[in-house]
Amino acid sequence: MNFSSFQMPAADAPGLAILPKGAGSHAEPDTARGFSASLPSACAQAQAQHWGLSLASGQQLMAAGSQGPLWRVAEGWLALIQPGGDGNALVQLAGPGDIAGIAALSGNAYRETAVALTAVRASPELWRHESDRLLLMHAVMAQQQRQARDMARLRTGAVQGRLRHLLAMLTAGEGLLPRKALPQLRDLAQIIDAAPATICRELGRLFPETTRQPQGSACVA
């Protein structure tokens, strides 16, 4: 499994193929807060900074090649997908506390498209002084080293170990997610580079038979 054959969507296209089919491509504002998801003004950015944006699984937070703010993930997980000459590639996962859209630190366009792997809440990470920006850059360097280690663990070794590490990341050490709350089966398979049938078997060993299959799964645990 790889992401090279997936086509990056236009701004108004459905979500990426690694996520639930038919899901919207952009973050929807929290309707109780009433600010624009596109953050067109300093006022809207200030509102988003205070309240955050909520995304359902499959919604897009930012698109490669566009410009916008730096983002801080408060809850959930983003898949960061990078376009390239040979196709698209999943390069990192960003979870609670992580920063996304790091090119914004240098005033550049985003290099990755960020799509919600699970339900996500994120806020713009703003700074006032150059010293604040430098601190963020140091934090990003440490974050990227950890993310690289995580991706290596998700792509090498026995499938059971890879899947367990992914589930541990998604739950942040708080135990197993309810099976119905897991990402789609095809997403789990593509993230750890394994066959969906293999993921089915391993999930069947981790979850009771009475729990639901991951959304989009046709397998029987």
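Two strands are taken to pair if DSSP finds at least two bridges between them, and the strands themselves (E, at least two residues), like the helices (H or I, at least four residues), are DSSP runs numbered from the N terminus. With those terms in hand, R72 stands opposite I99 in β6. This is a predicted model, in which local features need pLDDT of at least 70 and side-chain atom pairs count only at pLDDT 80 or more, while totals for chains, interfaces and linings use all residues. Residues are numbered from 1 along each chain as its sequence is written, and side-chain values use heavy atoms, with hydrogens and water left out.

- Between β1 and β8 the antiparallel pairing extends over three bridges, and here S54 has R121 in β8 as its bridge partner.
- Strand β3 (residues 71-75) runs antiparallel to β6 and is joined to β6 by two bridges.
- Strand β8 (residues 120-124) is mostly covered, since four of its five residues are buried, where buried means under 20% relative accessible area, exposed means over 50%, and partly exposed lies in between (1.4 Å probe, protein chains only).

**Strand β4 and its partners**

- Strand β4 (residues 78-84) and strand β5 (residues 87-94) run antiparallel and are joined by seven bridges, and within this pairing L78 stands opposite A94 in β5.
- The two strands β4 and β5 form a hairpin, with two residues between them.
- Strand β4 also pairs with strand β7 (residues 113-116) in the antiparallel sense, over four bridges, and T113 in β7 is the bridge partner of I81.

**R133 and its surroundings**

- R133 lies in helix α2, which covers residues 130-155, and R133 counts as buried because its relative accessibility is 18%.
- When residues up to four places away in sequence are not counted, R133 touches L105 and W127, a contact being defined as heavy atoms within 4.5 Å.
- R133 and S106 are 27 residues apart along the chain, and their C-alpha atoms are separated by 9.2 Å.
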